[in-house]
Amino acid sequence: MANFAQTFIYDLTALLENSDVYDVVIWAGDPNGTTGPSGFVKDSSSPLPPTLHTSKPNQIVDAEIPAHFKKIKAHSLLLRARSPYFRRALSQEWAKKEDGLFVFKKPNILPCVFEAILKYFYIGLVNLEKYSCQEILYLLIAADELEILELVTHAQDFLIAHKSVWLRHNIVTLLHTITRHDEAFPKLKNHCLKMVSDEPYLIFESENFLSFEDSVLVALLKRDDLGMEEVEIWNSLVRWGISNTPEIASKDVTLWSPDDFIALEQTLHECVSLIRYSAISGEDYFEYVVPYKKILPKFMRKEILGYHLKGGHQQIPRSILPPRSGSIGSNIIKPKHATLIASWIDESIDPIISQYQYKFKLIYRASRDGFAAAVFRELCADVTNTLVIAKISGSGKIVGGYNPSNWGGKAKGLKTITTSSPWASRSAAYSYQQSFQEQYQRAPDAFIFSLGDGLDLKNVRLSRSHSRNNAIAYRQDYGPYFYSDLFIGDNCNIIASCWYNHNNYQKCIFYDLDDFEAVLKWHEEKDTQNGFKLDDYEVFQVIPK
């Protein structure tokens, strides 16, 4: 069978561009020259289409049509065949003729956009590479209005695949624009919401945050993967609510009347139930939520208070949503740290993607369950794929490690050693000869790390195991034991029973061994040569999703 597609396309292109036989006139454009959404950052990487550079006044043949309109010719037969919108618009009930022509005015659609749509109608092709990102967005909106579903899908896919930088820079205006069109662009909306979930500061630290529409805020709060501390979400929500409630915007909360709380509740009515109060610590709840508790329903207040008074140990009440998946549920690290650690587990170059490959399940917290090594072993001994997070007393440094094996010592390499307690010289009460058994485990994917003070991710140190047999060790009187490179001892909150060295992992996680000043500074912060205490430590099971 011969293929004459190219000839067919050429002929239809000539019909569109050069035909004098037409029966539809479309005046496209804005009389004020402001067609389309505003507030976007210019996309300098994509030049404007030729039609915008070459348009001349003499292209407008009707003297009564303002210069920002453009006359576009088309054929009703083809429009009816290609578009449900025009099938109705050109019906006998709707269509009106002027001098034998169907005339349409589309002031909300740019001329270059309508020309692109017509080309798609005639030859089934549209080259989005030649349009700026703003124009592609306008095309997307116009395609939705004209019910061209396949073009709506194509434009969304193109922006997501090729214009991620522009989407990120224009996320605020973009979300407002998309949200105003209900659920017309689900792919693009979900992509943008996911982008904000991964980088919440794009929205919550934006200078335009306080002018956000409530529909955008509700869509974000519904996200289970919003990677931001819940108390920070609450504080941002209250700030937005006060700013958008004029009668209380300039008042101190301690001077509010009952009517003021009612006004704020009305502003935030759809939002307050979307906060994950179980992910807010008791201390933060009483400091940040309680001053505004009157905007919460009474039954919810009672259940949240009971939950926190019991230390968060009971089952989460039905009126309270569970923590977000983007939150690790840690008292030590934040979602941004979990994202980074997930990429180390996954050995991925994309931390954002890696984070959502795993769920972090808290199985032990020393400040909650006790600092005794026996408690750690009872709760964690047979659990595989565990993440240990610890906060060092005094310095506030955060260290930890990942063990893909278990802590039960079910491996080869058992040996008995007699040694002095490492902190005997510093504490006479613990000066004694101790006989213990150590057992080593293979864990080639194990690693240890330091997050520094947790504020600047540029200061992190990662050290992977380089030993085939001695990555993880087991001792009855110790907690997590990453050989001698990092281990946590019994009752480490009251004695400096935690220890570090540099043996079976790639590097020391506390400092560069050849950096004398760093070594000296580290030892000045501690009571013993290599031992230290902990404020707290946590163990999470890492579960693939």
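**Entry 1: strand E7 and its neighbours**

I began with a residue pair: Lys391 stands opposite Ile398 in E7. I kept in mind throughout that this is a predicted model. Strand E6 (residues 386–392) and E7 run antiparallel, and I found six bridges joining them. The hairpin of E6 and E7 has five residues between the strands, and there Gly394 takes a positive phi near 85 degrees.

Then I turned to the E10 side. Five bridges join E7 to strand E10 (residues 447–452), again antiparallel, and Tyr402 has Phe447 as its bridge partner in E10.

Is E7 mostly covered or exposed? I checked residues 398–403 and found six of six buried. In a regular strand, side chains alternate between the two faces of the sheet. Here I noted Ile398, Gly400 and Tyr402 pointing one way, with Val399, Gly401 and Asn403 pointing the other way, and all are buried.

I looked up Tyr364 in strand E5 (residues 358–365). Its relative accessible area is 0%, so I wrote it down as buried.

Elsewhere I traced an open sheet of four strands, in the order E2-E1-E4-E3 with mixed pairing. Its edge strands are E2 (70–74) and E3 (97–98), each pairing on one side only. Strand E1 (residues 24–28) runs antiparallel to E2, with five bridges between them; Val24 has Ala74 as its partner in E2.

**Entry 2: aromatic rings**

I got a count of 21 aromatic pairs. One of them is Tyr85 with Phe86: the centres are 5.2 Å apart and the planes stand at 90 degrees, so I logged the pair as edge-to-face. Both residues are buried.

Arg82 lies over the face of Tyr120, at 5.0 Å from the ring centre, and Arg475 lies over the face of Tyr478, at 4.1 Å.

**Entry 3: salt bridges**

How many salt bridges does the structure hold? I noted 13, and followed up a few.

Glu147 and Arg88 meet through their side chains at 2.2 Å, N to O. Glu147 is in the loop between helix H6 (133–145) and helix H7 (149–162), while Arg88 is in helix H4 (residues 84–89), so this pair ties together parts 59 residues apart in sequence. Glu147 is partly exposed at 29% relative accessibility, and Arg88 is partly exposed at 37%.

Arg324 and Glu230 form another salt bridge, with their closest N and O atoms 2.8 Å apart. This pair links distant parts of the chain, 94 residues apart: Arg324 is in the loop between helix H16 (298–309) and helix H17 (335–346), and Glu230 is in helix H13 (residues 230–243). I found Arg324 buried at 2% and Glu230 buried at 3%.

Asp225 and Arg223 form a salt bridge too, at 3.0 Å, N to O. Asp225 counts as buried at 11%, and Arg223 counts as buried at 16%.

**Entry 4: a surface patch**

Last, I looked at the surface. Phe286, Leu305 and Leu309 form a nonpolar patch there, with about 290 Å² of accessible area together. Phe286 is in helix H15 (residues 282–289) and is partly exposed, at 40% relative accessibility.

Conventions:
Residues numbered from 1 in each chain as written. Predicted model: local features only at pLDDT ≥ 70, side-chain atom pairs only at ≥ 80, totals over all residues. Heavy atoms only, no water. Phe/Tyr/Trp six-rings, centres within 6.5 Å; stacked < 30°, edge-to-face > 60°. Buried < 20%, exposed > 50% of the residue type's maximum accessible area, 1.4 Å probe, protein only. Lys NZ or Arg CZ within 6 Å of the ring centre and 35° of its normal. Patch = residues over 30% accessible without salt bridge, like charges linked within 9 Å, V, L, I, M, F, W, Y side chains within 5 Å. Areas by Shrake-Rupley, 256 points an atom, 1.4 Å probe, with all protein chains shown as cover. Salt bridge = Lys/Arg side-chain N within 4 Å of Asp/Glu carboxyl O. Helix = DSSP H or I, 4+ residues; strand = E, 2+ residues; numbered from the N terminus. Pairing = 2+ DSSP bridges.
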